[in-house]
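Here's a quick briefing to read with the model open beside you.

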Amino acid sequence: MRAEPAVVIENLVKRFGSFVAVDHVSLEVARGEIFGFLGPNGAGKSTTIRILCGLLAPTSGRAVVQGFDAGSQPELVKAHIGYMSQRFSLYNDLTVEENIEFFSGVYGVAPERREDRKAYALRMAGLEGHRGVMTGLLAGGWKQRLALGCAILHEPPVIFLDEPTSGVDPVARRAFWDLIHDLSDAGQTVFVTTHHMDEAEYCHRAALMYRGRVIALGAPAELKAELKDDAATMEDVFVRLIERENAADTGHRA
Amino acid sequence: MRRTRAIARKELLHIARDPRSLIMALALPMVMLVMFGYALSLDVDQIPAVIYDQDGTAESRALWDGFRGSRYFTIVRHVDGYAQAESDLERGAALAALVIPRGFGAKLVAGERAPVQLILDGTDSNTASIALSYARGLILAHSGRVQTEWRLRSGAGEVPPPVDAQIRVAYNSELKSKNYIVPGLIAVILMIIAALLTSLAIAREWENGTMEELLSTPVRPAELVLGKLSAYFLLGAVDMVTAVLAGVVIFGVPMRGSTWLLFLSGGVFLFGALCWGLLLSAITRNQLQAYQLGLLSSFLPAFLLSGFVYAVDSMPLLPRAVSAAVPARYFVSLLKGVFLKGVGLEVLAVELGLLAVYALVVFALVTRKLREKIA
Amino acid sequence: MIEVRGLTKKFGAVTAVDGLTLRVERGEVFGLVGPDGAGKTTVMRMLCTLVAPTSGEARVAGFDVTREVDQVKDRIGYMAQRFGLYGDLTVAENMRFYADLFGVEGEAALTEQLLEMTRMAPFRDRYAAQLSGGMKQKLALMCTLLHKPEILFLDEPTNGVDPVSRRDFWVILRRLVDGGLTVFLTTAYLDEAERCGRVGLMHGGRLIRVDTPAGLKQALPEACIEVRCGDPRAARALLRGMDGIASADLTGSALHVFVRPGGPDEEAVRAYLAGRGISDAQARRILPSLEDVFIATIRGEAAVHAG
């Protein structure tokens, strides 16, 4: 029996006034999958993720997460997901431990599980010896891992990460992707956006979003295969795809 | 020069592209002037009053007729007892009750002293004391008329004032506090507007990350300051003209002195006030902080220590010493001098000089602050 | 064009830049690479006269950055990370503003020329706030080019910009460099660093390597072997226990294995994995990417400091 997908998006549209941020996007993400959502800044990635998290109502179309409709059952969706926003919403004036405790409370982690989960988050972030440190003093990479730890305290089956690796150096980026694979191995679904094209290689499947539309979708190897060039990087693939899209656009207009 | 102009033009574009702030900057002084002008007015008129006339004679009627005919009092109703009068005062339906005792008319006719009683609602002591002076004035005026009639009728020489002779109030029938308030108000408003306009101007560049770029260009700190200043000076000047016009047209404040001197001192004051806002902006590098500091540091001293509400001479030593450093204090003197006394530079040169010194000092401070590096 | 000797910057007790010495020649494209907080931006700001050095000396275009600030400013173009554009001004107004600040003569013609070159002419009346990331970047570049600087300083110029715009940006930069411009940039994208003539690796405020990208790759004592298999994480765990292996990291779907000199070759690695239950592994010797070099070098540094 095939499990129901973790995320289903059908013909999703989001307009802000006359601006179409998300333009008829459809896709599915299987349980336990690492799904990469790639594209430049302003392509519509964050808008899509906010709709999926029940933070933003879609203009039309459907977004279903763990079987719950994000448009009509946002509260149920929120109970089953972890969300880490672009700005790592941690409180800089609270210590590492206080942040973890705060998010434990907010996510309604059962009291008897709290110590366990706190230990897990500290271990995962590599901050076991630094629980009393003021969060604002942490370097980017540590902060990022702490934010992830806080977002999954309640053991959500689906995790949404919005640009988690933006502004983080290569060493920390590799370490972070390792964490994402750990989560996936444990059966959690990870939906991650990034504007680093090469990070597509870390994902099971990836979609490229450009001007509100998904212009490519598939496993990294499949996407590369289209170029028939062994040395091609993910960046080359996306340059080619965007050019094709732009050419089609101009042709359309002419 | 070209760089200064470039900064000024860019700043004007920012202003023009943000109509909400522009309207605020232009309308706020008018709104403040009208609001404060009325709210702070020491003139009280149309004071609701009740009359308890126990006497009911032609003489007593003549007295309260004087109240009714005056624009300072509005007779709410006539009552038949103290209880009614008191309840009206308690409910706030009336602020004053005039009680004319039985025998008032007879005593007047007999040439005796005839006491009357005035009960005032003292909750608003300011209004009450004003009402008291109005009432005294009216009673005294009535008294004078009765005296004259008495003299004409009896042919006698000196007679004691028949109605409550203890009243000794030199009543100024032309007392118009607005004449004193409006010029001070113009100073306060200019100070607030100027400091607020510019408090955002440099902090915004820091917050948007454009400051870094600006500092990497050959633009000199003084050019940056002067460029920004000249754009906001234009706005401030418009504010100054509207405020002066409103003072003259709406509040009928007489303009006795030189317009030239008025706007010259306004310009000098504005320059200093705008520099002050820029200084806060350059120090905080944060729009919210700069705005709050701007409001606090312009409003409070200009309001309390400028001699606008409380006369500087009657302040205790400490606030008086502090007020010496408040530029609005000198501007208030200048404005009052020019508006009301019509005096010129021969009297006001010191004030104008001090304003100029303040402006130059603050300008030097901003320029020095901006010469500092990012870190 | 740039001469730096013993440049140091301290913020309180923190040493952000520690005794940096460096030379950049005319016409070079030099990239400064390093993790967050390595001190890249501080170096750039000192060279642009925006931050005063605590000690040491830096000359840009022949002028001292602390004593001849105005001369330096006249000869450099600086593009900050956040582009320094005014969102409520149009493309043309932004350009006019910077042209005036630099006292550019004949700015109208120059503006046209730049708009043509960057294919931005159709957008001259659009507000900067309404431009896409790539267009903002081009506008910012134009604004720094108006006064014909000798050196261009770019702080993380293509962060968050789409791949096509990034490529276009580099095409423009190439053309400028061919015309004699010197470019000094910082970047967190190591694939971008590959496009630089020379690269400086910064770590903990110090410049730990300076070389061409190819030179950096060859200077690495370890050999790099790429391993692909169905379960790279399991393979990684195994390889980390193998003798002669310096590190094994997941980069995307492949495993990059660094082998110490005299360690196992690709065949030995494959056999090692096959003997432990991973039979589908393919291993081949590859030239490491700059990212591999960067991570390996930093790891080496960290080890030196720990020891």
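**Chain B at a glance**

Chain B has 14 helices and four strands, where helices (H or I, at least four residues) and strands (E, at least two) are DSSP runs numbered from the N terminus. Keep in mind that this is a predicted model: local features need pLDDT of at least 70, side-chain atom pairs count only at pLDDT 80 or more, and totals for chains, interfaces and linings use all residues. Residues are numbered from 1 along each chain as its sequence is written, while chains are lettered from A and ligands numbered from 1 in the order in which they are written.

**Packing in chain B**

- Of the 375 residues in chain B, 40% are buried (20 or more other C-beta atoms within 10 Å of the residue's own, with C-beta atoms placed from the backbone).
- Take the chain B contacts between residues at least 6 apart in sequence: 80% of them link residues at least 24 apart (a contact means C-beta atoms, placed from the backbone, within 7 Å).

**Helix H13 of chain B**

- H13(B) covers residues 327–341, and its end C-alpha atoms sit 21 Å apart, which agrees with the 21 Å that 15 residues should span at 1.5 Å a residue (1.5 Å times one less than the number of residues).
- This helix is mostly covered, with 13 of its 15 residues buried.

**Where chain C meets chain A**

- On this interface, 23 residues of chain C are in contact with 26 residues of chain A.
- H11(C) gives the largest share of chain C's side, four residues.

Terms used:
Buried ≥ 20, exposed ≤ 12 C-beta atoms within 10 Å, placed from the backbone. Contact = placed C-beta atoms within 7 Å.
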